[in-house]
Amino acid sequence: MMTKKVLVVPDVHGRLFWKEPVERYLEEVDRVVFLGDYLDPYADGDELADDIFENLQEIVALKEEHPEKVVLLKGNHDQHYASELFRDEAGGTRMDYENWERYHQAFAEWKELFQIAHMEVVGGVTYVFSHAGMTLYWLKKVNDHVWQLPDHDVSLADPAIVERINLLYDDGQGQEMLATVGTYRSWFGEKTGSVLWADIHEHAISDTPKAYGLDKVFQVFGHTKLNGRQTDMVATDHLAMIDSQQCFLIDESLKERIVPLRDADMT
């Protein structure tokens with residue numbers, strides 16, 4: 001029996017590091033999950049595409065060609081083009097104002113191809129993928145303002161809750177929840193940011209709360225830039241933040257829950 005494998009691509013920001021691994025592993029893995037932030041390159045970005053938007057179009061084409069295998073998640077750098085309300089509420093770092101309308105129209109056209117969160121079970125572990133990860137504070141805020149469910153009915157290990165998160169961008173109140181920025185990213189921020197905005201410093205990485213199922217899942221996300229030459233990821237028993245300009249592999253035949261692709265190649 002084949003072992004289940006998931007290839008994970010962190011924040012792209014117009015870079016090309018995703019291409020060779022995806023081409024190499026596409027037929028071998030069960031899923032390819034992109035964690036969002038496809039546009040708005042860093043000023044010091046390495047290996048940038050000649051055309052940032054064309055790079056995103058190639059990723060979208062990959063999704064259209066393999067709709068069940070490829071998962072495209074949104075990041076804050078995507079949502080501030082997709083939603084005017086999100087842009088106005090949360091602001092936009094490195095936003096390309098000159099091309100905003102072009103990108104806005106593209107994300108409207110591609111709306112059904114993107115989502116906010118994704119769940120996979122690999123080797124008995126429930127993985128929840130998103131751009132910036134979900135904190136206890138933010139989940140409680142969403143439940144209090146939007147879902148209004150009994151607390152014991154809210155668990156990140158429940159596929160129905162993950163689907164509720166994916167529906168947030170369908171209305172104005174949901175956009176307001178997505179636009180929540182935390183104190184680490186804004187002087188006027190709340191305790192933690194949203195699934196699109198939470199900084200790694202805003203996650204309870206030393207003691208994952210036993211609430212809302214946060215201790216029953218392993219979250220995989222990006223958003224907080226790392227220097228991949230020095231640090232591959234920030235990881236605990238319940239999460240891995242992997243924004244280090246390289247792809248990662250989840251493979252139930254490996255003892256580690258997630259590994260940089262170069263380490264997987266050595267096993």
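The model is predicted, and local features are described where pLDDT is at least 70, side-chain atom pairs count only at pLDDT 80 or more, and totals for chains, interfaces and linings use all residues. Residues are numbered from 1 along each chain as its sequence is written, and side-chain values use heavy atoms, with hydrogens and water left out.

The protein chain holds nine helices and eleven strands, where helices (H or I, at least four residues) and strands (E, at least two) are DSSP runs numbered from the N terminus. Its radius of gyration, taken over C-alpha atoms, is 17 Å, close to the 18 Å that the globule rule (2.2 Å times the number of residues to the power 0.38) gives for 267 residues, so the chain is as compact as a globular protein of that length. The C-alpha trace spans about 45 × 45 × 35 Å along its principal axes. Of the 267 residues, 55% count as buried, a term that stands for under 20% relative accessible area, with over 50% called exposed and values in between partly exposed (1.4 Å probe, protein chains only). Among contacts (heavy atoms within 4.5 Å) between residues at least 6 apart in sequence, 65% join residues at least 24 apart.

Six strands form an open sheet of mixed pairing, in the order β4-β3-β2-β1-β10-β11, two strands being paired if DSSP finds at least two bridges between them. Because β4 (114-115) and β11 (259-260) stand at the edges with a single partner strand each, one side of each is left without a neighbour in the sheet.

Within this sheet, strand β1 (residues 5-9) is mostly covered, five of its five residues being buried. Lys5, Leu7 and Val9 point one way from β1, whereas Val6 and Val8 point the other way. On one side, β1 pairs in the parallel sense with strand β2 (residues 31-34) over four bridges, and Arg31 in β2 is the bridge partner of Val6. Strand β1 also pairs with strand β10 (residues 248-251), here in the antiparallel sense and again over four bridges. In this second pairing, Lys5 has Asp251 as its bridge partner, Val6 has Ile250, and Val8 stands opposite Phe248.

Strand β10 is covered on both faces, with Phe248 and Ile250 on one side and Leu249 and Asp251 on the other, all of them buried. Two bridges join β10 to β11, and these strands run antiparallel; the bridge partner of Leu249 in β11 is Val259.

Among the helices, α6 (residues 136-147) and α7 (residues 159-166) pack at an angle of about 75° with their axes 12 Å apart, the axes being lines fitted to C-alpha atoms, for helices over the stretch in contact, and the angles running from 0 to 180 degrees between N-to-C directions. The two helices, α6 and α7, are therefore roughly perpendicular to each other, given that angles of 65 to 115 degrees count as roughly perpendicular, under 35 as roughly parallel, over 145 as roughly antiparallel and the rest as oblique. In this contact, Trp138, Leu139 and Trp147 of α6 meet Ile161, Arg164 and Ile165 of α7.
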